[in-house]
Amino acid sequence: MTESSEKKRTQVDDIDRSMYDFIKDESNQEHLEAGLTPEIVREISEKKNEPDWMLEKRLKALEIYHELPIPDWGPSIAGLDMDHIVTYVKPETDQQASWDDVPEDIKDTFDRLGIPEAERSYLAGVGAQYDSELVYHSMQESASKMGIVYSGIEEALEDPKWEGIIHDHFMKLIPPTDHKFAALHGAVWSGGSFVYVPKGVQLDYPLQSYFRLNARGAGQFEHTLIIVEDDASLHFIEGCSAPKYNVANLHAGAVELFVGERAHLRYSTIENWSKNMYNLNTKRAICKEGGDIEWISGSFGSHVGYLYPMSILNGRDAKSSFTGITFAGAGQNLDTGCKVVLNAPRTKASVETKSISKDGGVSTFRSSVVATKNAEDSAATVSCQSLMLDDRSRSDTIPAMDVKCKNVDIGHEATIGRIGDDKVFYLMSRGLSEEEARTMIVNGFAEPVSKELPLEYAVEMNNLIKLEMEGAIG
Amino acid sequence: MEARIFEHASAMPAPTWYFLHMNDATIEIPAQLSCEAQAVIETDAPLGDATEFVEAMQAAQAAWDKAYGDRPVLTNAVDEQAEELGGLALSAYQKKADAMEQSKSLAAAFTQGMGEEVSDWIREMAVKTQSVIAPAGSTHTAHVQISGVNMGANMTAIDLVAHEGATLDVAIIVDSPTAGTGVTGSSLRIFAAEGAHVTVRRVQTLDDTWTDLDDMGLFAADNATIEVHQTVLGAGKTYTGLAGDLCGYNSTINVYTHYLGHGEQELDFNYVLRHHGAKSTCNLYANGVLAGSSKKTLRGTIDLIRGGKGAVGHEVDNVLLVDEGVSNKTVPNILCNEDDVMGNHGATIGHIKADQLFYLESRGLSPEQAEQMFVTATLEDAWLNAANDVTKQAVARLGNTLVENFEEVYL
């Protein structure tokens, strides 16, 4: 074990982040040229031996990418030069079903991140992506016997049984026309997961995909496609991290979730990218009658973040809940939130978010709740709380509500403030240092999110907060 | 007069997704309207011209420079890694806000709610700006009547300048006593010097054939209070924009908006309140009823600017949806780069609750009658709170066109 990995998380200072911040040699990996051309798109497609329709989709998406404007309402992405982003970096291995077969340095990466340990402890299946490709995929036999499919998308595309289903669902919820980086994703996507849960199947343990971007100046564009059939249930966990570089890296993944009638899907994420990352990720779920989507989202890293998981409640009695926390520290501008569309009678949505800004960080909560004419007797509540830890930071709240239906109830509340001196004073009078007191208060502030996470992730989130809070005093 | 289209009027400072169509309003002024400037102002206060407001702002700038001119302007801290990536990736509006702080110019920060282009146009159409001046320590009132002129754009530009410790109460009624079509509008700049108290009550009762523009800019110095009551009952299209600078220590701006949407009306509200001053307070309360197939958009922004220690901003929009076919858009924003502040907002958009309906039905009212009560109640409330008889008559006139025998039955 190296020196850095022996450090306790709480001893890592605000800049070091060495728990996540280790770089592996990439010189032997295959890199495509930087930039974005039809030739590069064709090359990616060829490497994956894709069906023709997928190549056509990619090329069409590339055209759309060039036509669409860069968003001008959010954080600046002027520092992201697509001519210098490598869109495809292949690790030195094919996908393996056993950790023993994964090359040593890649295995070491995931060992440090605790993935094999998590698999043994509480997961029903694991996928691990390293740069542009999956390097490991495995699922417990019991889940397999239930008829659950958990594989890479490319792998599923090669199976005639699933190719048609992927054709019918891939980039249907997130069309390339949605925004510039959805189009980019459509052109150069690589890796990701395909999950199919058959009718009535309830999986008691979560599946997890972990995405690690190791290469300098590269992009990661994984695609996650999950179909949970009627009356089925799934908890899916997504984890992400990367080492820091002094050049921009890009993450523009896409997550499409199809939730069947009376089905339930919980999608938990801790996005802990390094602080040179432009995280321009798109996530969307659609629920049929009685379907239920739960989003649990923690956004910690990234230089710039645009992240707004969207729930489309398309069937009567469908439900969605979004619980999220964003922690913007030095040098970060994180624009996060969610979108909800109530598009059927008696649908219900709840949104509860927390954001923390510190050391000059900028956090923006942005949301939209749209109730269409079909949303009779529907209801939505949005609650958003922001904490400012100093006056060199910024916290903005931009929640939009659009109601086109009479019999709905939409409620919204938001507050912005700071940690009260009286609370810090009380805790210090009980023997805590000021830093400990503030960390405790921030952990308490984040508790509604952390309590929704699996224990191991809640611990990770609390450690991330502790890590961000170090040096916060004085 | 040529047709005019203002494509980005009443824009909120921090935009959101374009697909929502909420960021700003597009205002169309039809062609071939005559230019009118026919407001009637009755007041016991001295009158002046536009220089009064400009001079008051210059005096405020001098006082501000003396008090805070040496105060360093902080920007967001940036770490070494962010510097390597070109600095903090601020959005366009965040950069603009930083630049405004750096400029230390009160005049540059001052805007009106509908934006410079519309404000300038109204003032140009109004030909001249009249100032109502409340000298230091005095108390004055003013009544302003703006009537629709058939096939005309009847625009008014008024500055209200309340000097130290003065009290100024202004009532504005915008009505269409005779049938016709056209555009009415007012541009108000309000300056409240130290300890001054300004109250403005604007009631609009135009018929559906009219468009109304209500554009205000507010400035509050130390311990000053500005209260604005806006009652929007009529007009086919209404655009209301209000921006306010709470520059003074312990300054207060309260805005109370009551609206009634009916028929095919379109109502657009844009509020921007900027807290520069320590211990400043703002309250934005909007309450309304939407009936028929009316559409409303409300953009409310509370901006808690660095240096405004102890500032408190509070914003609420409560909307009752009465009929199928109504549309309501609300976006209550809080922008904040000061930690020692409290900002909160809330919005409730809904219909009459089942238990409330049940109670009313048990008293013999049908659901339709119960919902109609909210419409008449809004009109009654406007009548009861009218500042003068002219306003009462205008509310009664509009009420009679909306509700059968309104005046006879309800007033």
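User: What should I know about the model and its numbering before we start?

Analyst: This is a predicted model, in which local features need pLDDT of at least 70 and side-chain atom pairs count only at pLDDT 80 or more, while totals for chains, interfaces and linings use all residues. Residues are numbered from 1 along each chain as its sequence is written, and chains are lettered from A and ligands numbered from 1 in the order in which they are written.

User: How do you know what confidence the predictor has in chain A and in chain B?

Analyst: The value to look at is pLDDT, the predictor's confidence in each residue, from 0 to 100. Chain B has a mean of 93, and 100% of its residues score at least 70; chain A has a mean of 86, with 89% of its residues at 70 or more. Over residues 1–16 of chain A the pLDDT is below 50, although this stretch has 24 contacts in the model beyond near neighbours in sequence. For the model, the scores are ipTM 0.93 and pTM 0.91.

User: Why are helix 3 and helix 9 of chain A called roughly antiparallel?

Analyst: Helices (H or I, at least four residues) and strands (E, at least two) are DSSP runs, numbered from the N terminus. Axes are lines fitted to C-alpha atoms, for helices over the stretch in contact, and angles run from 0 to 180 degrees between N-to-C directions. Angles under 35 degrees count as roughly parallel, over 145 as roughly antiparallel, 65 to 115 as roughly perpendicular and the rest as oblique. The axes of helix 3 (residues 52–67) and helix 9 (residues 180–188) of chain A cross at roughly 150° and come within 7 Å, and the two helices are therefore roughly antiparallel to each other.

User: Which word describes helix 2 and helix 3 of chain A, and why?

Analyst: Helix 2 (residues 38–47) of chain A packs with helix 3 of chain A at about 155°, their axes being 10 Å apart, and the pair is therefore roughly antiparallel.

User: How do you know which residues of helix 2 and helix 3 of chain A meet?

Analyst: Two residues are in contact if their C-beta atoms, placed from the backbone, lie within 7 Å. In helix 2 of chain A, A:P38, A:V41, A:R42 and A:S45 meet A:M54, A:L55, A:R58, A:L59 and A:L62 in helix 3 of chain A.

User: How many residues does each chain bring to the contact between them, and which strand of chain B gives the largest share?

Analyst: Chain B brings 52 residues and chain A brings 54 residues. Strand 20 (327–336) of chain B is among the elements that each supply at least two residues of the side of chain B that touches chain A, and the largest share of that side, 10 residues, comes from strand 20.

User: What makes strand 24 of chain A and strand 20 of chain B a pair?

Analyst: Two strands pair if DSSP finds at least two bridges between them. Six bridges join strand 24 (residues 394–403) of chain A to strand 20 of chain B, and the two strands run antiparallel. A:T397 stands opposite B:I334 in strand 20 of chain B.
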